[in-house]
Amino acid sequence: MILQLDMSGETPIYLQIRNQIILGIGRGELHPGDSLPTVRQLASEVGINAMTVNKAYALLKAEGYIEIDRRHGAMIRPIPETPEEIDKEMKEQLALLAAQAAARGISREKFMEACAEAVESAKMLGGN
Amino acid sequence: MGAIISGIVILVLLITITATGWTAASPDRGIVLGVSLPYSHLKEPAVLKMTGSYRIELLFLSGGFTVLAVPVLLIQKPFSLFFFLQIMWFVGYLLAFDRLLAHWEKALKQLKKQKGWMVSAPRIISIDTEVARLKGKMPVSKWWMVPSLVISCIPIGDILIRHTDSQYWFLALMPLTFQGAFWFCRWLSVRGRSTAYCDNSEINIACHALTIRLWTLCRAVLSAGAAICLSVSWFCSFGGPSEWFWAITMLTFLIAAILAGIFITWLAIRKKRNSLLEGMGGSILAEEDEFWSRGCYCNPYDPRTMVEKRLGIGWTINLGTVKGKILAWGTIGVVAVLLIGMFIMFVRMDVIPFTLSVSDDGVRISAAMYSTKFSPDEIEEISLIDSVPDGRRTNGAATESYRLGHYYIPDTGDSLLYVYSDSSPCLMIKLPDRTIFFTARDPADTLAAYEALSK
């Protein structure tokens, strides 16, 4: 998959890496079992400190998206057979998004349209 | 001889600049005249018209400077003027090419903006995770370059065993220096950031595998050739003139082979890579035009010091980084100091005459450089000869007008020369440890010096 990083943006690089990998999983660009570059490889490619990549990978591992094996490096974790429930943190993030939309005067229909587009792009949703 | 060497250098520069400029107008990785365009718009009539006009102007430019090179090569005296004109020609040609490229690059960027052909937001770095993961397996193994390293150590072993008093350490180190350069280039190829040309990982992997493999293979082959040629040249340099001829021939062949090998590899990679990228259609991912100008790269958001060039072969320095600035300006500074220093030295050598004076202190021969002094009691023999025998320059200057400095002449051994080419006779002074050859600009002064010494 292609990682696109904005080196001059507000979002920290480690968070951009983490977000893009999750987006890649959701869109089906990364599949369970796919290997990711090692910390050194990715740091060398981007031209950043290995600690930054390490932080991104540690976050992904803590959140359950990847597994790190000392021999094989980082790999995408298989999707759990028993689907997980939407946890409190996810609900809070969704609530925040809806509140932001409301505060900007965006209509319910437009917001739902945007949600539908996001769901459509997340090919892995719905057990596909 | 100076004119021949200068002529070769001028010819090489003319060919290099013209070829680089010519190929800049052909799309490479979606880049034309230093501007990145979507693949679907590379053959637009407006783009083709621009590249056509640019090429015509390039031919006129190179043709004009070819004509200008003729008087530059013909004016050989004084040497300082010859040197100055050469440098002015080089700088003038480079500046003119730079202006030409700047003009058409700006025009194409304006066209791109007008047509809305921006491919992505600027300052976005695109990394293909599969290429990053597999890149380590792409180069030809570095073990293929190890035999070349071993062969390159042979002259050093030879000088340590058989020629410990030799002054030619730099010749013995040359094979290893070439190996160092090849290893550095290999390191640059392998370490450099890969570019995600498109969103298809298979094509990105194919492009990088092709590029890295061919470049590392090219370097392995050239390093082997360089190791063998230079080591053989080393042994030849201890023979007579016929062996020197073979040594120089091999060196010339080696340099030509290296340049040809690099050029052929570059062409092959470019052709194959572009056919892969054009075949897949779509847009390029990286939008970096704002950081490129006339082939120079300045991106403070990119931590790399060296990046692959957009025009021509090789790498260029990222002027946006501190290391890049130090490297670039440091190099320019060193070159400028060297050129100015050399020019001052040549002016002094042209202007300050050779003089011989006899006084109570002894005999003093003065020149811009290599002045010497000795006592009249040291003189073993003095004589007037018609011309100085041929010899090998060991530390000095040799131009069309004069020879100055330390030479090795077979008949007389270590010699000091203060000789004007068009002045005769020449005063020969034999001393215990060296022989001095002297002429003044005016032959009458040479005769006066001979008479003063004879007394």
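This is a predicted model: local features need pLDDT of at least 70, side-chain atom pairs count only at pLDDT 80 or more; totals for chains, interfaces and linings use all residues.
**Figure 1. Packing geometry of α6(B) against α7(B).** Helix α6 of chain B covers residues 154–161, and helix α7 of chain B covers residues 169–191. The two helices pack at an angle of about 155 degrees, and their axes lie 7 Å apart. Because angles over 145 degrees count as roughly antiparallel, α6(B) is described as roughly antiparallel to α7(B).

**Figure 2. Strand pairing between β1(A) and β3(B).** Strand β3 of chain B, residues 124–128, pairs with β1(A) in the antiparallel sense. Five bridges join the two strands. Within this pairing, Leu5(A) is located opposite Ile125(B), a residue of β3(B).

**Figure 3. The side of chain A that touches chain B.** Contacts between the chains involve 17 residues of chain A and 18 residues of chain B. On chain A, at least two residues each are supplied by β1 (2–6) and α2 (39–46). The largest share of this side, five residues, belongs to β1(A). Classified by residue type, the side of chain A that touches chain B consists of ten nonpolar, five polar and two charged residues.

**Figure 4. Secondary structure and dimensions of chain A.** Chain A contains five helices and three strands. Along the sequence, these elements follow the pattern β-α-α-α-β-β-α-α. The C-alpha atoms of chain A occupy a box of roughly 50 × 40 × 25 Å along the principal axes. Of the 128 residues in chain A, 20% are buried. Among contacts in chain A with a separation of 6 or more, 54% are between residues 24 or more positions apart.

**Figure 5. Domains of chain A.** The domain assignment divides out domain 1, spanning 13–76, and domain 2, spanning 88–127. Taken over C-alpha atoms, the centres of domain 1 of chain A and domain 2 of chain A are separated by 25 Å.

Methods:
Residues are numbered from 1 along each chain as its sequence is written. Chains are lettered from A and ligands numbered from 1 in the order in which they are written. Helices (H or I, at least four residues) and strands (E, at least two) are DSSP runs, numbered from the N terminus. A residue is buried if 20 or more other C-beta atoms lie within 10 Å of its own, exposed if 12 or fewer, and partly exposed in between; C-beta atoms are placed from the backbone. Two residues are in contact if their C-beta atoms, placed from the backbone, lie within 7 Å. Ala, Val, Leu, Ile, Met, Phe, Trp, Tyr, Cys and Pro count as nonpolar, Asp, Glu, Lys and Arg as charged, and the others, Gly among them, as polar. Two strands pair if DSSP finds at least two bridges between them. Axes are lines fitted to C-alpha atoms, for helices over the stretch in contact, and angles run from 0 to 180 degrees between N-to-C directions. Angles under 35 degrees count as roughly parallel, over 145 as roughly antiparallel, 65 to 115 as roughly perpendicular and the rest as oblique. Domain bounds come from an automatic or database domain assignment.
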